[in-house]
Amino acid sequence: MTVRFDLEDGIATITLNRPDKLNALSNELSRELVEVLTRVAADDEIRGVILTGAGRAFSAGGDVDGMQRHVDKGDWDGIRDLLEAGAHVVSLLDAMAKPTVAAVNGPAVGAGGSLALACDLRIATPTASFGLVFSRLGLHADWGGTYFLPRLVGTAKALELILSGDVIDAGEALRLGIFTRIVAGDELAGAAREVAKRFAAKSPLALLLARQAVHDSVNMTLKDVLDLEIENQMRCFRGPDAKEGITAFLEKRPPVFGTR
């Protein structure tokens with residue numbers, strides 16, 4: 001299998017598992033990733049998701065050897081299948097009703113960089129790097145890169161990174177807000193799990209609505225955002241988690257939130 005799945009204490013860890021190919025995103029891996037994420041999205045017992053890579057890379061991006069075989073044979077359906085699987089993966093992550101954390105253990109470049117961007121947070125090691133390197137191959141950025149990157153770094157910087165195909169180190173990615181934290185390599189798994197568990201202890205409904213509001217706010221007016229906040233807050237107040245949260249606060253104890 002090219003994707004590993006582990007579940008512990010409500011936290012799902014999804015591992016890209018082609019370490020000998022730096023976890024390049026083949027057609028097979030992309031399809032398996034769609035299947036795993038679909039199951040995760042439908043499982044209310046899962047409260048947080050960690051995405052990482054086996055070996056020394058998060059993902060080196062598209063499987064160039066596989067792409068060359070498609071191109072040499074004129075197999076444009078194979079290329080489209082890969083691209084559509086990538087779009088499906090990113091859509092599943094973006095719509096996920098639970099927080100997602102990318103544990104970036106090495107290079108996250110090309111579509112691998114886009115995949116990391118599709119997660120809510122990106123915790124990285126000092127040896128990690130980031131780059132949407134498509135232009136180096138005469139290709140267009142995909143897997144949502146042109147959507148997520150400008151929202152993190154602004155239009156001008158996103159254009160610089162996409163058009164140049166430059167790869168930046170972990171420190172620069174942190175400075176730009178692409179990586180949210182850098183930890184030592186042997187602390188990465190624990191740090192990602194700690195963040196996921198902290199989110200998992202919160203109200204699933206409150207987190208879902210907050211994630212949706214933050215993503216949607218980019219294309220909304222202030223009035224629309226304020227209206228959405230009121231509607232979402234009313235949904236939270238009417239649900240059991242708000243009652244539990246308020247009661248626990250007044251009783252000076254940790255809240256115990258339910259599932260969706």
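Modeller: Two strands are said to pair if DSSP finds at least two bridges between them. Strands (E, at least two residues) and helices (H or I, at least four) are DSSP runs, numbered from the N terminus. The model is predicted, so local features need pLDDT of at least 70 and side-chain atom pairs count only at pLDDT 80 or more, whereas totals for chains, interfaces and linings use all residues. Residues are numbered from 1 along each chain as its sequence is written, and side-chain values use heavy atoms, with hydrogens and water left out.

Strand β6 (residues 121-124) pairs with strand β4 (residues 100-104) in the parallel sense, over 4 bridges. Within this pairing, Leu 121 of β6 is the bridge partner of Val 101. Strand β6 is also joined to strand β9 (residues 181-182), again in parallel, by 2 bridges; here Ile 123 has Arg 181 of β9 as its bridge partner.

Strand β7 (residues 129-131) runs antiparallel to β8, with 2 bridges between them, and Phe 130 stands opposite Ile 168 of β8.

As to the aromatic rings, a search of the whole structure finds 1 aromatic pair. The centres of the Tyr 147 and Phe 148 rings are 5.0 Å apart and their planes meet at 85°, so this pair is edge-to-face. The criterion is that rings of Phe, Tyr and Trp (its six-membered ring) pair if their centres lie within 6.5 Å, with planes under 30 degrees apart counted as stacked, over 60 as edge-to-face and the rest as tilted. Tyr 147 is partly exposed, at a relative accessible area of 32%, while Phe 148 is buried, at 8%. Buried denotes under 20% relative accessible area, exposed over 50%, and partly exposed the range in between (1.4 Å probe, protein chains only).

Elsewhere, the charged end of Arg 198 sits over the ring of Phe 199, 5.9 Å from its centre. A charge sits over a ring if NZ of Lys or CZ of Arg is within 6 Å of the ring centre and within 35 degrees of the ring normal.
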